[in-house]
Structures are given as structure tokens and as C-alpha cells.
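Let's take a look at how two chains meet. Please have the sequence and the model at hand.

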Amino acid sequence: MTGAIPSIALVGNPNAGKSSLFNALTGARQKIANYPGVTVERKAGHASFADGRPISLIDLPGAYSLTPASLDEAVTRDVILGRQDGEKRPDALIVVLDAANLDNHLSFALELLALNLPTVVALNMVDLATRDGLTLDAARLSKELGVPVVPTVAVRKRGLTELLAAVDGAIGSHAAGGVTAPAEANDASLHQRARTIARAAILSETPVRRWTQRVDNIVLHPVAGMLILLALMFVMFQAVYAWAGPPADALEGLVGVLQGWVVDNIPQNFLRDLVVEGLLAGVGAVVVFLPQILILFLFILLLEASGYMTRAAFLMDGLMGKVGLSGRGFIPLLSSFACAVPGIMATRAIPDEKDRLTTILIAPLMTCSARLPVYALIIAAFIPNRGVGGTGIGLQGLVLFGLYLAGIVGALVVAWALRRTVAKGTNAGFMMEMPRYQMPQLRDIALGLWQRAWIFLRRAGTIIAMTTVVLWLLLTFPQAPEGESQVEYSVAGRIASGLEVVVKPIGFNHDIALALIPAMAAREVAVSAMATANAIDADGDEDAMAQSLGERLQGKWSLATALAFLAWFVFAPQCISTIAITRRETNGWKWPMFMVGYLFLLAYAAAGITYWTAVAFGLG
Amino acid sequence: MTALLENILDRAPLGVAVRIARIDWTAMSEDEGRRLREFGLMEGCEVTPLHRGSIFSRDPLALTVGRMKVIIRASQAAAIEIEPVA
């Protein structure tokens with residue numbers, strides 16, 4: 001092992017605490033990318049031995065054995081066996097075991113040890129095993145397995161130095177024998193051996209009254225559990241509104257200060273207008289939604305890390321089973337509330353092909369965070385900020401909740417229809433391990449939030465900035481003669497006028513028609529597009545410049561139009577990334593085209609029905 | 001044991017430990033069977049069914065196997081014969 005940096009793979013069962021261990025070893029020095037050709041996330045990072053020699057670490061998807069049941073697990077097998085394109089076979093393995101779950105997790109460990117790679121076992125979460133009344137003999141386990149066993153508590157950074165030292169030793173002393181082909185082991189005998197070894201390594205086992213069981217009795221209760229889940233979801237969406245106000249205002253103020261600074265310090269020219277009206281107005285209008293997106297992700301990360309997410313999947317399985325899906329789909333679908341792209345990628349854990357396809361097709365109906373800027377703008381402008389009937393519940397939050405609910409109900413209906421037509425098949429199974437409850441770790445949550453914030457800001461800096469600039473150019477040329485509206489006269493304005501003919505019946509005006517096309521790049525661009533158009537419209541008019549975008553829309557749109565616009569965004573497939581990821585995940589254009597078609601139809605119908613109903617009630 | 005139906009895991013009362021007597025592997029796909037074994041659900045092992053379904057349906061079933069808690073569907077539980085723990 002001279003020269004090249006040794007690469008070490010972390011491998012183990014789901015819920016063994018692999019990711020926490022990976023975070024503890026690498027800190028923020030990690031990179032998330034995709035394996036070439038497949039969309040399974042590849043998490044890699046750097047660390048170093050005690051003497052400073054660098055090592056590279058990869059965190060492989062959790063698996064139960066080397067015989068994959070899902071696409072995720074196939075990647076784990078292929079990387080370990082050196083069959084994964086563009087990935088060299090790891091020089092050593094860290095097999096992560098949940099100390100409290102030895103009898104089950106040892107089967108996979110035994111299978112991995114038979115490969116004859118330098119291997120070290122991390123006996124992880126020993127503190128939780130102690131909590132469960134379990135005393136383990138690491139030395140005995142090491143003797144039985146024939147490899148070093150290091151007790152670790154990833155979340156407290158305990159045992160990390162010893163673990164890396166053991167890995168160093170294992171690589172150094174390993175006789176170059178090459179990787180052995182996986183043994184065609186009879187899995188029953190493998191499990192038997194695993195249990196015998198586990199029994200030998202367990203020194204004592206005191207049954208303790210587990211509070212976690214009492215919690216599950218409530219959380220998984222058919223009625224109470226469902227109410228708790230609903231309440232949690234409701235709090236989550238209220239919080240997105242209530243907590244994001246001050247930081248969002250601060251960001252908005254910052255954008256204003258920047259615009260002012262540019263106006264004061266750069267003489268009026270083409271470039272200054274591009275920066276102030278295009279870049280700052282457009283990108284700024286999207287960046288102010290960062291706090292809301294982070295709050296949403298905070299909840300999702302907390303639910304995932306605490307172990308609650310699988311409980312939610314358990315509760316939802318009955319409902320999802322009724323429309324031909326499984327509780328497995330709940331996690332990808334909940335992720336889709338943040339963004340459909342990672343949501344669709346997460347469907348790789350669903351073993352049944354038809355179940356997976358249906359979940360992919362309905363994922364865009366979950367209200368993703370990119371829709372939040374649009375909803376937030378329209379709701380703030382048109383829905384009065386007051387409580388409902390003297391309760392503490394805000395009307396604005398309630399409308400937001402309703403929009404999310406409309407997406408969910410739509411998704412269930414669509415799934416039901418798809419499973420009876422294009423995605424017909426036997427009812428999918430649902431088998432999952434239920435992780436124990438755990439206190440979410442600040443570091444893991446902070447790291448997850450930072451990664452999401454970074455992805456969002458990078459999008460704002462690239463796709464959104466670019467489409468905004470292009471749109472600004474299309475809005476600025478050709479120059480309108482004196483007395484004519486620049487927005488109407490421009491290239492973009494004329495395209496929008498063409499589109500307006502199609503969308504006029506459902507109550508959409510010129511503003512919306514103008515926003516719809518660039519919003520295909522990313523939904524939140526609808527907001528920046530309107531911001532840019534309004535900034536150009538207000539050019540030179542001090543009063544108009546001082547008005548916020550919401551205030552200006554208030555003056556121009558009817559309530560019926562605003563509601564129709566919201567209904568449109570519940571269904572519209574307004575995002576190229578989602579279409580692209582669907583193409584990649586379904587290997588062809590058939591399903592993404594189908595998805596785009598059915599979503600546009602639904603969006604048009606929903607907006608139309610909303611508009612006509614609102615007009616009938618005199619809100620036009 | 002009383003009635004014949006009682007010896008199927010799908011019908012077993014919640015909160016009572018039982019032993020798996022026989023699993024009808026032909027009632028499920030090969031992948032499902034392997035996953036059951038990976039969860040440690042095999043002939044001779046002890047399990048305790050704990051939670052069953054929600055307001056929507058009696059699916060799924062959560063049970064403990066050793067110190068692990070797993071979720072399976074009622075259709076799989078119906079293929080598992082149980083006997084009382086001695």
C-alpha cells in the first residue's frame with residue numbers, strides 16, 4: 001500500500017449507525033455525488049490516520065446481504081467486489097454492526113469476512129446496547145471472527161482513533177491474496193452461525209423495561225398514532241410559515257441594500273440594469289425563501305434521525321396499500337416535499353418494479369420546496385394574515401396546509417388509477433426494519449442542513465441566475481417606444497401574449513403567462529420572473545420601486561386568478577430536473593412524457609375549476 | 001391451542017411471544033423469503049407480534065425478533081405457522 005491513498009468502505013446493515021460513523025470520521029470533509037450511470041448517492045469523504053497519512057472513505061448504502069433485493073443494495077455489492085464502473089475496489093472494509101442487534105447483523109458481517117479483504121469490525125452504538133441491558137465481550141467477538149473488533153459510539157466520537165488504527169494495522173498485515181468470490185452460502189446456515197457467535201459474545205442480558213416500547217404503543221396506535229402523525233405534519237407546515245418570517249425579512253433587506261449600493265455606485269448603463277433588475281431582483285426573490293426550505297428540511301432530517309420516519313411509514317402503509325403502493329413509498333414521497341429529485345432517487349429502495357414506477361410518477365404531486373416561494377408570495381399577498389375563528393391557527397398556514405393536502409389527495413387518486421391501468425401488478429409487499437428511537441445528533445442534522453442549503457444556493461446561483469438573465473434580456477429588447485409598456489412590447493411579452501390565449505380561460509393573465517415558461521427551468525423562477533418583469537415595469541418610478549412584489553400583484557390580480565394560480569402549481573410538472581431524473585430512473589422517454597402529459601392536464605383542469613368556482617362566488 | 005386459526009401469525013394476539021413452527025416459503029417470492037430470513041424470521045425462532053395496522057387497514061404487522069423490530073405484511077404473516085412458547 002505505498003503511494004496511493006487507501007480507500008476504505010463503510011458497509012453494514014441499514015440502521016447500524018453507518019452514516020453517523022461516516023460523519024464522525026470525516027466531519028464536513030465529504031462530497032455527495034452519484035455513481036456514474038446510476039443515481040444511487042455516492043457519499044465519499046476524507047480522513048487521516050493518527051500520523052497524518054490521508055485516507056479516503058466511502059459510505060455504502062445499507063444492505064442485509066451480498067444478494068441485493070433493491071438497486072441500492074446492488075451498488076453496495078458491486079463496489080465491494082470491484083464491479084462498479086469508475087470505482088476502484090476498496091482497500092479495506094469497516095463493517096459496521098449495531099451492538100444491540102448482533103445476532104442479525106453478524107450474518108452480513110460473516111458474508112463480508114469470507115471475501116478476504118482487510119476488514120475491521122466497528123461494534124457501533126455500544127451505549128444503546130448498554131441502555132438495553134446488554135453487556136458484550138468485544139475481545140471474544142474478535143476471536144470468533146478473526147478480525148479486530150472496536151467498540152464505537154459514533155455520535156460521541158468514541159473509539160474512532162482506535163478504529164482507524166485497527167484499519168491501518170489490517171491493511172499493513174494483510175497478505176495480498178486478492179478478493180475471494182462470494183461464497184454461495186446457504187443463508188440458513190449462515191444465520192445459524194451468526195446466532196451462535198452472537199450468543200458467545202453476549203456476556204449478560206438483563207431485561208430492562210423499555211420506555212421505547214411504551215412510546216411505540218402510543219405512536220403506533222391505530223387511532224392515536226395517526227392523530228400524532230397528522231399533528232406533526234401540521235406543526236411542520238405551520239412552522240415553515242411562522243419561523244421563517246424574521247430571517248426572510250432580513251435576507252430581503254440585504255438584497256435591497258445591495259441593489260441600493262449598486263444603483264448609488266455605478267453609473268446608469270446596460271450592465272447596471274442587468275444586475276439590479278435582472279440578477280438581484282430575480283435571484284434575490286428566490287434566495288429569501290432559504291429559511292423556509294431549511295425549516296422544512298430540518299423537520300424531515302429530525303424525523304429521519306430520531307427513528308420516527310419508519311413509524312410513519314408503518315402507519316401510512318395501510319392507506320398506501322389501498323391504492324396499490326406500500327409504506328416503503330412514504331419515505332421517498334415525504335422527501336419529495338423537499339424536492340422530487342432526491343425523492344425519485346430514493347424510490348430505488350422499493351423492491352417491486354410497478355410499485356416503484358407508480359411512486360415515481362406521483363412524486364411530483366408532493367409539494368416540493370421550490371413551490372414554496374410561489375405559494376408564499378401569493379398567500380402573503382392575497383390571504384389575510386389573521387387567525388381562524390379566534391383560535392391560534394393562522395389562516396395563511398391553513399391555506400398552505402390545504403395546498404399540501406390537495407397534492408397528497410391528488411397523488412393517492414392518481415396512484416389508484418395508475419395501479420389499475422398502466423402500472424397494473426400484484427400488490428407490493430412491505431418489509432422493513434424498525435430502527436430504535438435515537439436522539440438526533442446536532443452534528444448530523446447541521447451537516448444535512450448545510451448540504452441542502454448549499455444545493456439550493458448553487459441552484460440559485462446557476463440555473464436560476466441564468467434563466468433570470470435570459471428573461472431580463474428578452475424583456476428588455478426590443479426597446480418600447482415612448483408611452484408603450486416595455487414588458488408588453490418585448491420579445492418575452494409577445495411570447496407570453498401568445499400563451500395567454502391558451503391560459504386565459506382558466507383565469508391566467510399576462511403576468512402568469514410570462515412566468516410559466518421560465519418556470520419550467522425551476523418552479524421558483526416563476527417568482528423571480530415576475531420580480532424581474534415588475535422591476536422593469538417600475539423602471540424609474542420611485543413609488544412603484546418601493547412596493548414589494550406582493551403588493552404590486554395585489555393591485556393587478558383578482559383573488560380568483562390568484563387561487564387558480566395556486567391550484568395550477570399543485571399539479572403542474574414545472575421542473576426540467578424532475579423530468580430528467582424520471583427519464584434516467586425509468587430508462588427512457590415513455591414515462592417522463594406520460595408524467596408531463598397527465599400533470600399538465602390535471603393542472604389545467606384544477607386551475608380552471610378553481611377559477612370558475614371562485615368567479616361564481618363573486619371573487620373574480 | 002384452541003382453534004386451528006390461532007396457529008397462524010396473522011391471527012396471533014398482540015403482545016404474546018410465540019415460536020415459529022413452520023414457514024410456507026412457497027407462499028411468497030424468493031426475494032421475500034430471503035428478506036424474512038435476513039430479518040431472522042426462521043423456523044424455531046421466537047417472535048412477539050406487537051402492532052397491527054392503522055385506521056385504514058389491518059396491514060402491516062410489526063413484531064420483535066430478538067432485539068429487532070420488523071414490519072411485514074399480513075399476507076406474509078399468513079404463511080407463518082406458530083406454536084406456543086414452551
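The report below walks through the interface of chain B and chain A.

This is a predicted model, in which local features need pLDDT of at least 70 and side-chain atom pairs count only at pLDDT 80 or more, while totals for chains, interfaces and linings use all residues. Residues are numbered from 1 along each chain as its sequence is written, chains are lettered from A in the order in which they are written, and side-chain values use heavy atoms, with hydrogens and water left out.

Here are the totals for the interface.

| Item | Value |
|---|---|
| Chain B residues in contact with chain A (heavy atoms within 4.5 Å) | 31 residues |
| Chain A residues in contact with chain B | 44 residues |
| Buried area (accessible area, 1.4 Å probe, lost on being put together, summed over both) | about 3400 Å² |

Of that buried area, 56% is on carbon and sulfur atoms. Arg67(B), Ile71(B) and Arg73(B) supply 26% of the area that chain B buries against chain A, more than any other three residues.

Four salt bridges (a side-chain nitrogen of Lys or Arg within 4 Å of a carboxyl oxygen of Asp or Glu) link the two chains. One of them pairs Glu73(A) with Arg35(B), with the closest N and O atoms 2.8 Å apart. On the side of chain B that touches chain A, 15 residues are nonpolar, six are polar (Gly counts here) and ten are charged (Asp, Glu, Lys and Arg).

The chains also meet through strands (DSSP runs of E, at least two residues). Strand β10 (residues 432–434) of chain A runs antiparallel to β4(B), and three bridges join them. Within β4(B), Lys69(B) is the bridge partner of Met434(A).

Technical notes:
Buried area = accessible area lost by both parts, 1.4 Å probe. Pairing = 2+ DSSP bridges. Helix = DSSP H or I, 4+ residues; strand = E, 2+ residues; numbered from the N terminus.
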